[in-house]
2 protein chains.
Amino acid sequence: MDLTRAMERYVVHWGEMGARWGVNRSVAQIHALLFLASRPLTAEEIAETLSIARSNVSTSLKELQGWGLANMVHVLGDRRDHFETEKDVWKIALTIVQQRKAREIDPTLGTLAQCVTEAKEDPATARDVVERMASVLNFLETVSVWYDQVKDLPPPVLMKLVKLGARVARFVGRRRS
Amino acid sequence: MDLTRAMERYVVHWGEMGARWGVNRSVAQIHALLFLASRPLTAEEIAETLSIARSNVSTSLKELQGWGLANMVHVLGDRRDHFETEKDVWKIALTIVQQRKAREIDPTLGTLAQCVTEAKEDPATARDVVERMASVLNFLETVSVWYDQVKDLPPPVLMKLVKLGARVARFVGRRRS
DNA sequence: TGGATATTTCAGTTCCTTCTGAAATATCCG
DNA sequence: CGGATATTTCAGAAGGAACTGAAATATCCA
């Protein structure tokens with residue numbers, strides 16, 4: 001696929017952003033490309049457009065599918081697999097958050113809970129240390145519960161919630177200043 | 001410093017979490033150690049406790065200070081620099097978000113704005129492509145503005161906001177089901 | 001001032017992830 | 001079936017971030 005200068009810049013930047021957040025650069029670039037593309041793309045096209053090896057595209061697409069960020073679709077009369085992605089930014093963001101929560105936060109909750117339990121039983125671990133561990137656990141649990149409660153809201157409602165939060169913030173801010 | 005089993009596990013896990021989010025493992029481990037520690041630590045102590053090179057600790061501490069996540073303090077009668085970190089999890093979280101926003105989101109807003117402008121002027125870039133770029137820009141701007149409005153709230157108020165959001169979510173959820 | 005202690009810098013090494021190209025496998029269709 | 005096309009797998013190469021140890025620098029105090 002031909003990329004205009006602006007599109008190329010977008011894709012490259014997205015790749016860099018991904019890299020900074022622990023996402024493979026190729027994976028992030030491919031996702032950006034699929035997001036911009038006006039039609040599903042074949043792996044071959046992706047490889048050519050981004051100048052990366054065909055095999056790399058194959059692996060990265062698997063990765064994206066695993067994250068729920070790319071779908072395989074078929075075009076009538078074309079044997080090849082085509083790929084597309086969700087175009088609603090809010091939905092994409094929610095998917096990413098959901099995945100990272102499931103893969104990283106939830107296991108962390110488990111580990112931290114164990115650490116706290118173990119630390120409590122161990123007299124060698126100072127009380128204040130245990131309390132700090134517990135405060136992190138509590139923080140992550142709070143954020144986690146909150147996420148589970150808002151995650152199923154449709155994007156427009158979510159948007160309103162955000163704006164509501166901002167309004168409350170302004171109100172509280174005025175009272176404090 | 002001596003680490004109990006639970007503490008060691010905590011520190012190691014935190015290092016791994018950091019690595020997954022694009023934070024240097026040593027940096028994350030050091031921050032976790034300082035967070036747990038009941039008193040400021042010297043670089044030497046940190047190096048020994050974590051079994052990493054003294055020079056590595058030096059660099060990592062600089063990094064943490066740059067993020068506003070570690071402070072140098074001095075202990076009476078001790079020439080060496082000691083380091084400590086904020087112990088309030090909410091404050092730590094806000095600091096991290098703030099830093100990542102400043103370093104990554106804000107520059108991205110600039111780049112995206114340029115991409116959109118350029119794409120709009122370029123007839124070779126399809127209209128729907130420009131619109132998708134713009135939707136990402138808009139999304140990041142919304143989140144950004146929201147953050148700027150809530151970032152100065154004291155943690156307890158923030159906590160209430162989160163709970164309020166959850167309540168609204170339940171309410172909306174009930175109406176929809 | 002000079003020796004001792006503490007810290008930083010940096011070139012080179014190590015380690016790990018990512019990427020490639022070739023081969024293997026799968027799928028399609030005449 | 002068999003040739004053509006498409007996809008995946010995987011061993012090795014490349015590249016880059018992180019780490020180390022040694023040397024340089026800074027700081028302190030007798």
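**Reading the DNA surfaces and the sheet**

Mentor: Of the 18 residues around DNA strand D, those that come nearest are Ser55(A), Asp81(A), Ser26(B), Ala53(B) and Ser55(B), where a residue is near a strand if its C-beta atom, placed from the backbone, lies within 6 Å of it. Two or more residues of this surface are given by each of helix H3 (43–50) and H4 of chain A and helix H2 (25–36) and H4 of chain B; helices (H or I, at least four residues) and strands (E, at least two) are DSSP runs, numbered from the N terminus. This is a predicted model, in which local features need pLDDT of at least 70 and side-chain atom pairs count only at pLDDT 80 or more, while totals for chains, interfaces and linings use all residues. Residues are numbered from 1 along each chain as its sequence is written, and chains are lettered from A and ligands numbered from 1 in the order in which they are written.

Trainee: Which element gives the most to the surface near DNA strand D, and how do its residues divide by class?

Mentor: H4(A) gives the most, with four residues. By class, the surface near DNA strand D has three nonpolar, eight polar and seven charged residues, where Ala, Val, Leu, Ile, Met, Phe, Trp, Tyr, Cys and Pro count as nonpolar, Asp, Glu, Lys and Arg as charged, and the others, Gly among them, as polar.

Trainee: Which residues are closest to DNA strand C, and which element supplies the largest share of the surface near it?

Mentor: DNA strand C is surrounded by 18 residues, of which the closest are Ala53(A), Ser55(A), Asn56(A), Ser55(B) and Asp81(B). The largest share of that surface, four residues, comes from H4(B), and its classes are three nonpolar, eight polar and seven charged.

Trainee: How should I read the sheet, and what is the order of its strands in chain A?

Mentor: Two strands pair if DSSP finds at least two bridges between them. In chain A the three strands form an open sheet in the order E1-E3-E2, with antiparallel pairing. Strand E1 (41–42) and strand E2 (71–74) of chain A stand at the edges, each with a single partner strand, so one side of each is left without a neighbour in the sheet.

Trainee: How many bridges join E2(A) to E3(A), and which residue is the bridge partner of His74(A)?

Mentor: Four bridges join these antiparallel strands, E2(A) and E3(A), and His74(A) has Asp81(A) in E3(A) as its bridge partner. Their hairpin has six residues between the strands, and in it Gly77(A) takes a positive phi near 80 degrees.
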